[in-house]
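Hi,

Here is the structure I promised to pass on. Have a look at it first, and my notes on what turned up follow below.

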Amino acid sequence: MFAGLLILLGLAGCDDERANALGAEQLIANLQQVRAGVEVLDAHQTPIKGLVGVKVGGGNVVYGTPDGRYIVAGDLFAVRASGLVNLTERVRTADRKALIASLDPATMIKFAPDEARAVINVFTDLSCGYCKEFHRHIDEFMGHGIEVRYAAFPRAGVGSDVYQQMVSVWCANDSADALTRAKLGEPVPVLSCDDHPIDVHYRLGRAAGIGGTPGIVLFDGRYIPGFDTVAKILEEVGVG
């Protein structure tokens, strides 16, 4: 489980001053010793005395004592009268919100109604069956006033066959039509262009903790993994 948490993207260095203020230098050193090459993104104090949270990329947080003698892999919950509150997910949500805000809409493939009531960001893969099923409902989403913005997330990684197909789709003169045709199973004409955003989208998706597709991220940072029904997504975005 611990190894799975350390998904590293190299997007930023650790805030050394913050780590020093928390006395968490040894915790970070031990994390880096356990997993060679780990780059810590941030460290923060938790509500629990003596427990520090360390963000390591991929939307993951590892907890430990400042002296690095104890490391905990898992979500941190606060017990409230109304029930459990996932404090770790709050950190992930804030990070996803910032990442999505940094994503240039001009680089995304958009399906928009005349008057949008809400916008959803969908990390998609051409080889994903649930992504194809999601796209079959694209007119239904637009009928409810939902603008769908697609970002590329080739699950097989940069340089894979599906990566090359997604480059071709994004480089097409009519990328929305090319995406629809590709999701219908039609051959994708091989194209290339210097300004395609596939690498940027993929890195940002990894940073946002996208583990599979479709990965739906709302503008407040909430994450909807996979596709169930249109009704469920409409409920999440508050559109009846």
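Which strands does helix H4 (residues 87-101) lie across? Helix H4 lies across E1, E2 and E3, and runs at about 140° to E3. Before going on, please keep in mind that this is a predicted model.

Now for the sheet itself. It is an open one, built from 4 strands in the order E1-E2-E3-E4, with antiparallel pairing. Strand E1 (42-45) and strand E4 (71-73) sit at the edges, each pairing on one side only. On average, neighbouring strands are turned by 30° against each other, direction ignored.

Asp42, for instance, has Lys55 in E2 as its bridge partner.

Helix H7 (residues 161-171) packs with helix H9 (residues 198-207) at an angle of about 120°, and their axes are 10 Å apart. Because of that angle, H7 counts as oblique to H9. From H7, the contact involves Tyr163, Met166, Val167 and Trp170, which meet Ile198, Asp199 and His201 in H9. By type, the residues of this contact split into 5 nonpolar, 1 polar and 1 charged.

Cheers

Technical notes
Residues are numbered from 1 along each chain as its sequence is written. This is a predicted model: local features need pLDDT of at least 70, side-chain atom pairs count only at pLDDT 80 or more; totals for chains, interfaces and linings use all residues. Side-chain values use heavy atoms; hydrogens and water are left out. Two strands pair if DSSP finds at least two bridges between them. Helices (H or I, at least four residues) and strands (E, at least two) are DSSP runs, numbered from the N terminus. Axes are lines fitted to C-alpha atoms, for helices over the stretch in contact, and angles run from 0 to 180 degrees between N-to-C directions. Contact means heavy atoms within 4.5 Å. Angles under 35 degrees count as roughly parallel, over 145 as roughly antiparallel, 65 to 115 as roughly perpendicular and the rest as oblique. Ala, Val, Leu, Ile, Met, Phe, Trp, Tyr, Cys and Pro count as nonpolar, Asp, Glu, Lys and Arg as charged, and the others, Gly among them, as polar.
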